[in-house]
Amino acid sequence: MAITTSTASHTFLASVTLEVADPEAARRFCAALGVDTRVRLRASEAHSTGFRGFTLALTVSRPATVDSLIGAATDAGATVLKPAAKSLWGYGGVVQAPDGTIWKVATSAKKDTGPATREIDEMVVLLGVEDVKASKEFYVGQGLSVAKSFGGKYAEFTSGESSPVKLALYKRRGLAKDLGVPADGAGSHRLVLGTTAAAPFTDPDGFVWEAAGSLAPAPSTTPASC
C-alpha cells in the first residue's frame, strides 16, 4: 500500500492533556504506568459516555515489558479490555484507566531478548476519525506534516524534537474494534491537544486543539503534568 511523506510544515503536536474527574488519582495512575512526563491533567466533569474516540499507545521493546506495564496499570486500578497476547504484528494488550482513558501497550517483538524494563520507546495518541483522508487533509491545512499515510486507513504526522508524543489517525470503528470496545460514544472526548500553531482549532471529529503555551502550569485553572 502506498506510503506518502511530506516535510513542508513546522506545526507539531506539543502536548496531550487528559480531562479527568480526579486529577490526583489520575496522577498516581500516570506515575504507576511511567508516563509522568508525557501526559498532562486537567480537572473536568464534562459529560462523556462510551468510546471517547482515541487511545494512548505505548510502544516498548519486548513482551516482558508489555506484561510489566500492563501489570503496573492493573495494580493501579485499570481494567483489562484485552489481555496481553501474541498477534500477527507482535504482542500487546489494552487496559482502561480508572479515569476512562484507554491505553494500549505493544511491541513488534514476539520473543524476549532480555528482562522486562520500564522503558517506553514511543507514545502515540491515536485518534479514531470517520474519514482518515479528510482528517489528514484538514491537519495538513493546519500546518502538520504527514510522515506516513496508508490510503484511507491510517495516517501519521511528523513530531517535533521536543514532542513527548506522536499523532496518528485511524478509522474510528476500526480503532474501537482493535481496543475491544463498542464504537458508540457521546459527549466530550476528555482530551485536549496542544499545538505549536498560532491559533487554536477543532478538527472535523470534535478533537480540541489549543495553543501549547496556554498549558504552562499556573494556579488552579491550568493543567499540571502527571
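Start by selecting Phe 150 and Tyr 154. Their ring centres lie 6.1 Å apart and their planes meet at 50°, so this pair is tilted. Phe 150 is partly exposed, at 26% relative accessible area; buried means under 20%, exposed over 50%, and partly exposed in between (1.4 Å probe, protein chains only).

Next, select Phe 201 and Trp 209. This aromatic pair is stacked, with 5.2 Å centre to centre and 15° between the planes. Phe 201 is buried at 9%, and Trp 209 is buried at 1%.

Then move to Glu 156. Glu 156 sits in strand β10, residues 154–157 (strands are DSSP runs of E, at least two residues, numbered from the N terminus). Glu 156 is buried, with a relative accessible area of 9%. Which residues does Glu 156 touch, not counting residues up to four places away in sequence? Show Ser 145, Val 146, Ala 147, Lys 148, Lys 166, Leu 167 and Ala 168; contact means heavy atoms within 4.5 Å.

A note on the model: it is predicted, so local features need pLDDT of at least 70 and side-chain atom pairs count only at pLDDT 80 or more, while totals for chains, interfaces and linings use all residues. Residues are numbered from 1 along each chain as its sequence is written, and side-chain values use heavy atoms, leaving out hydrogens and water.

Key
Phe/Tyr/Trp six-rings, centres within 6.5 Å; stacked < 30°, edge-to-face > 60°. Helix = DSSP H or I, 4+ residues; strand = E, 2+ residues; numbered from the N terminus.
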